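Please look through the model below before reading my notes.

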Amino acid sequence: MYPSYGNLAFDYTFEASDYFSAFGRSVAALGDLDGDGVVDLAVGASGDDDGVSYAGAVFVLFLATDGKSESAQKISILHGNLGTFYTLVEFDRFGNSLAAPGDVDSDGVVDLAVGSTGGDDGGTDAGAMYMIFLETSGNIKSAQKISMLYGNLDAFYTLDSGDVFGTSIAAPGDIDGDGVVDLAVSARGDDDGSSSAGAVYVIGLQTNGNVKSAQKISMLYGNFDSFYTLNYDSGLGYSVAALGDVEGDGVIDLAAGTFYDHDEGGESGSAFILFLQTEGIVKSAQKISNLYGNFDTFYTLGLFYWFGQSVAALGDINGDGMEDLAVGATGDNDGGPGEGSVFLLCLQSDGSVGNANKLSALYGNLNFFTL
């Protein structure tokens with residue numbers, strides 16, 4: 001058994017055979033699930049081998065004020081009641097992505113959205129996601145799978161082999177104003193326009209987790225092509241985040257990373273700010289890269305920086321009344337090959353960069369640690 005920290009070991013054991021369990025592949029803050037006054041956490045382990053190899057799992061961690069886990073509930077084929085509703089098979093990678101959309105079914109308990117990029121419904125690695133309706137114990141009360149065979153997504157679009165639907169999930173709130181929260185779910189392997197150009201789906205949910213409406217954003221749908229072109233292997237949606245209302249029109253906007261983008265540099269990466277209409281169509285868009293969005297005023301992205309591999313909404317850090325964005329660039333070479341970096345972008349209302357700061361081995365006062 002590998003050494004463990006944070007008191008997780010009293011509930012579950014990571015054996016040597018779980019070397020590739022990928023615990024921490026995704027995380028989501030659940031709020032106070034068990035009502036003890038402390039925020040709880042969901043952690044994905046997409047390589048977990050419960051039942052079969054790489055089926056995946058999610059751990060619900062009930063935290064103490066010191067950050068340790070007081071208790072934990074695992075959700076997999078063997079734990080947490082998932083097996084009552086669905087079966088995971090080899091390489092499903094359940095837990096690859098997570099989002100906490102709030103209380104979807106209005107039972108007073110927060111719920112969880114889980115990506116499963118290796119799901120084969122409709123084709124090999126077409127992907128899937130699950131709406132998990134939780135009990136306060138972290139066990140599953142009920143679940144709804146969304147894929148080509150479940151959840152009504154097929155009434156709107158078709159998922160194909162290699163789409164890896166569920167790559168990333170964001171919970172933007174109630175975009176369409178029907179009183180039920182919505183989701184943004186990406187499929188970075190989607191081939192609309194070009195091989196693996198990528199796509200993001202804006203999904204309107206019903207309270208039971210079924211799809212009420214869906215709008216795809218890609219080179220062929222959602223008006224994205226009116227503003228930009230995605231190229232081979234761009235991977236739109238490798239990361240996705242709900243930003244808040246950047247331009248002040250009353251509709252939540254999205255950030256989507258395309259970390260294989262090639263603007264003036266092989267796989268230097270980029271991110272898009274997507275300004276949405278209530279039905280999920282793109283009203284306008286702003287690309288942030290070496291060539292767009294005023295980013296080059298502050299920094300230059302090098303070859304294989306993979307800017308956009310992660311994105312996170314920060315709120316208004318600098319107090320200018322505008323939403324800010326963090327973008328990860330895992331291939332950045334500051335301090336050494338592939339050391340990585342994070343860029344903090346202060347956005348303007350049109351989505352362009354008004355100011356930027358870099359956190360790396362060479363910038364942002366991070367040098368009190370060694371990367």
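**Notes on the structure**

1. In this predicted model, the side chains of lysine 216 and aspartate 192 meet in a salt bridge, with 2.9 Å from N to O. A salt bridge here is a side-chain nitrogen of Lys or Arg within 4 Å of a carboxyl oxygen of Asp or Glu. The pair links distant parts of the chain, since lysine 216 sits in strand β12 and aspartate 192 in the loop between β10 and β11, 24 residues apart. Both lysine 216 and aspartate 192 are buried, where buried means under 20% relative accessible area, exposed means over 50%, and partly exposed lies in between (1.4 Å probe, protein chains only).

2. A word on how to read the values: residues are numbered from 1 along each chain as its sequence is written, and side-chain values use heavy atoms, with hydrogens and water left out. Because the model is predicted, local features need pLDDT of at least 70 and side-chain atom pairs count only at pLDDT 80 or more, while totals for chains, interfaces and linings use all residues.

3. Aspartate 176 lies in the loop between β9 (165-173) and β10 (182-187), and lysine 212 in strand β12 (residues 211-217), so the two tie together parts that are 36 residues apart in sequence. Aspartate 176 is partly exposed at 26% relative accessibility, and lysine 212 is partly exposed as well, at 38%. By the rule given above, the count comes to 15 salt bridges.

4. With 371 residues, a compact globule would have a radius near 21 Å, and the protein chain has 20 Å, which agrees. The C-alpha atoms fill a box of roughly 50 × 50 × 40 Å along the principal axes, and 54% of the 371 residues count as buried.

5. On the surface, Asp32, Asp34, Asp36, Asp66 and Glu70 gather in a patch of negative charge. Patches are made of residues with over 30% relative accessible area and no salt bridge, with like charges joined within 9 Å and nonpolar side chains (Val, Leu, Ile, Met, Phe, Trp, Tyr) within 5 Å. One member, aspartate 32, lies in the loop between β1 (23-31) and β2 (40-45), and is partly exposed, with a relative accessible area of 35%.

6. Two residues other than glycine deserve a look for their backbone angles. Phi of tyrosine 54 has a positive value, near 60°; tyrosine 54 lies in the loop between β2 and β3 and is partly exposed at 23%. Phi of valine 164 is positive too, near 45°; valine 164 lies in the loop between β8 (140-146) and β9, and is buried at 12%.

7. Is glycine 67 buried or exposed? Glycine 67, in the loop between β3 (57-63) and β4 (69-75), is exposed, with a relative accessible area of 52%. Glycine 280, in the loop between β15 (270-276) and β16 (282-288), is by contrast buried, at 0% relative accessibility. The C-alpha atoms of glycine 280 and leucine 33, which are 247 residues apart along the chain, are separated by 30 Å.

Key: Accessible areas come from the Shrake-Rupley method with a 1.4 Å probe; for residues, only the protein chains shown count as cover. Lys and Arg count as positive and Asp and Glu as negative; His and the chain ends are not counted. The place of a charge is taken as NZ of Lys, CZ of Arg, CG of Asp or CD of Glu. Helices (H or I, at least four residues) and strands (E, at least two) are DSSP runs, numbered from the N terminus. The radius of gyration is taken over C-alpha atoms; the globule rule is 2.2 Å times the number of residues to the power 0.38.
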